[in-house]
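Here is a friendly tour of a protein model. Take a look at the sequence and the structure before reading on.

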Amino acid sequence: MNNNSENQAPLRVLIIGSGFGGLGMAIQLQKAGIEDFLILEKAAEVGGTWRDNSYPGAACDVPSHLYSFSFELKSDWSRKFAPQAEIHGYMLHCVNKYQLRSRIRCNAEVASAAFDAAAALWRVTLSNGEELCAEVLISACGQLNQPTFPALPGIERFQGEAFHSARWRHDLDLSGKRVGVIGTGASAIQFVPQIQPKVADLKLFQRSPAYVLAKPDRVYKPWELAVMRRLPWLQRIDRGLKYIQYEVRGLAFISVPRLMKMFRFSFERQLNQHISNPHLRTQLQPDYPMGCKRILISNDYYPALAQPNVSVISEAISAVTETAIVTADGREHPCDVLIYGTGFAATDFLAPMHITGLGGLSLNQAWRDGAEAYKGISVSGFPNLFILYGPNTNLGHNSIIYMLESQFRYVLSCLDVLRQGVRYLDVKATAQQRFNQQIQASSHRTIWEQGCSSWYKTASGKSTNNWPGYTFTYRQQTRAPELNDYECTR
């Protein structure tokens with residue numbers, strides 16, 4: 001099917017991705033009176049990471065009241081930290097309430113997008129060869145959409161079932177099976193306690209242990225839900241207080257890494273309380289400063305690891321055979337099923353799409369030393385392209401939805417400028433460079449740079465994912481576009 005974009009009127013805005021970024025942006029476009037937009041979604045349903053990660057126990061580690069749009073509060077979250085199905089349900093509710101269905105095309109994967117300077121249009125090609133064009137292209141692909149698989153010698157030889165946690169096999173019964181779990185990140189600490197009671201034997205292969213804190217989670221009581229339904233402003237207050245409480249934690253990540261000692265104390269207490277075996281306790285002690293990688297929260301991870309059918313294996317994996325995993329000490333660990341809890345290619349922001357800007361410049365080329373963007377949103381040489389949840393806008397301490405809402409407002413202001421006779425906006429290379437030098441300099445002072453490798457950084461050590469400051473400073477910096485930082489082509 002090949003519709004030539006020439007015979008279609010160009011759209012005002014094309015959004016790639018229907019996670020929180022894409023849906024929230026679409027709602028804000030509607031509120032601003034811009035109706036001429038389309039969302040392209042590669043999967044069969046909306047929801048991004050909350051559609052994909054449906055593994056047992058999947059939930060958010062930011063409180064529900066904070067992990068939702070400020071313009072669409074939900075008064076009946078079942079618990080303090082919402083489970084995946086409820087978050088995905090909230091997103092579907094937003095689609096229905098704001099009547100976005102007709103503006104979303106599912107099973108529409110973008111293969112490439114090229115900026116046509118003469119026409120001041122983005123020409124977007126889908127994987128089925130169809131072409132669309134739009135004045136403005138907004139990427140809302142997020143940072144956690146490309147699962148990474150471990151590069152282990154012989155992995156393709158394994159005869160049993162194997163899958164990534166973000167592509168969970170719900171059709172597979174794990175009862176009585178010998179299961180090998182590779183990776184101990186945010187997904188594994190949620191699904192391991194869920195599958196542990198079912199499986200015959202669970203071997204957890206960890207490269208480096210995580211810091212795990214207690215999760216202050218519980219079900220909301222019926223009277224609390226009734227009060228929030230009747231007095232919605234109470235939820236706003238709760239949301240505000242939670243925002244402040246989480247933002248204060250930023251002090252330890254960003255300004256005074258010494259404050260991590262307090263969290264360290266609660267980690268030690270949690271570990272000692274649940275793990276009595278001294279050898280296992282040593283295995284679960286991280287060898288890097290707390291906060292350098294993502295801090296995880298769970299109440300049932302350590303109790304699950306203490307069960308007799310679980311063994312934690314810290315030796316490196318040297319090979320995979322037809323039926324087992326072999327570790328560096330020469331031991332074979334027989335497995336019927338392998339589950340990869342190995343996370344995402346978080347530093348490859350718009351991969352695998354091929355994006356081309358002015359003068360044939362490809363985004364891969366522009367980002368060969370690691371992704372960077374002015375305010376995490378604009379990239380020099382790629383006019384009228386806006387990235388939501390782009391480079392250096394991830395957080396270690398608060399809700400990403402707050403960052404997204406700052407970006408929605410910024411992108412809308414840029415669209416206003418484009419309405420006023422400007423054909424395209426291209427951030428100046430000098431402005432982007434200046435911004436990124438500040439980001440990298442600030443990153444060096446943060447806890448994430450205190451001596452560990454993590455998904456927050458590229459292999460060469462460039463900090464590409466996290467915002468090295470407070471969320472209110474980011475909001476202030478994205479209040480309105482500084483037009484001196486852009487080339488405005490009229």
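Is Phe-69 buried or exposed? At 1% relative accessibility, Phe-69 counts as buried, where buried means under 20% relative accessible area, exposed over 50%, and partly exposed in between (1.4 Å probe, protein chains only). This is a predicted model, in which local features need pLDDT of at least 70 and side-chain atom pairs count only at pLDDT 80 or more, while totals for chains, interfaces and linings use all residues. Residues are numbered from 1 along each chain as its sequence is written, and side-chain values use heavy atoms, leaving out hydrogens and water.

**Aromatic rings**

- The structure holds 26 aromatic pairs; rings of Phe, Tyr and Trp (its six-membered ring) pair if their centres lie within 6.5 Å, and planes under 30 degrees apart count as stacked, over 60 as edge-to-face and the rest as tilted.
- Phe-20 and Phe-69 form an edge-to-face pair, because their ring centres are 5.3 Å apart and their planes stand at 75°.
- This pair links distant parts of the chain, 49 residues apart: Phe-20 is in helix H1 (residues 20–31), and Phe-69 is in the loop between helix H2 (48–52) and helix H3 (84–97). Helices (H or I, at least four residues) and strands (E, at least two) are DSSP runs, numbered from the N terminus.
- Phe-20 is buried too, with a relative accessible area of 8%.
- Both rings belong to one aromatic cluster, whose members include Trp-50, Tyr-67 and Phe-408.

**Nonpolar cores**

- The largest nonpolar core has 114 residues, and Phe-20, Val-181, Ile-195, Leu-305 and Ile-339 have the most contacts inside it. Such a core is a set of buried Ala, Val, Leu, Ile, Met, Phe, Trp, Tyr and Cys residues joined through side-chain atoms within 4.5 Å.
- Helix H11 gives the largest share of this core, 13 residues.
- Another core, of 30 residues, lies apart from it, and Leu-38, Phe-115, Trp-122 and Leu-132 are among its members.

**Helix H6**

- Helix H6 (residues 232–255) has 24 residues and reaches 35 Å from its first C-alpha to its last, close to the 34 Å expected at 1.5 Å a residue; the expected span is 1.5 Å times one less than the number of residues.
- Its buried residues include Tyr-243, Tyr-246 and Phe-253.

**A glycine in a loop**

- Gly-185 is in the loop between strand S8 (178–182) and helix H4 (188–195).
- Gly-185 counts as partly exposed, because its relative accessibility is 27%.
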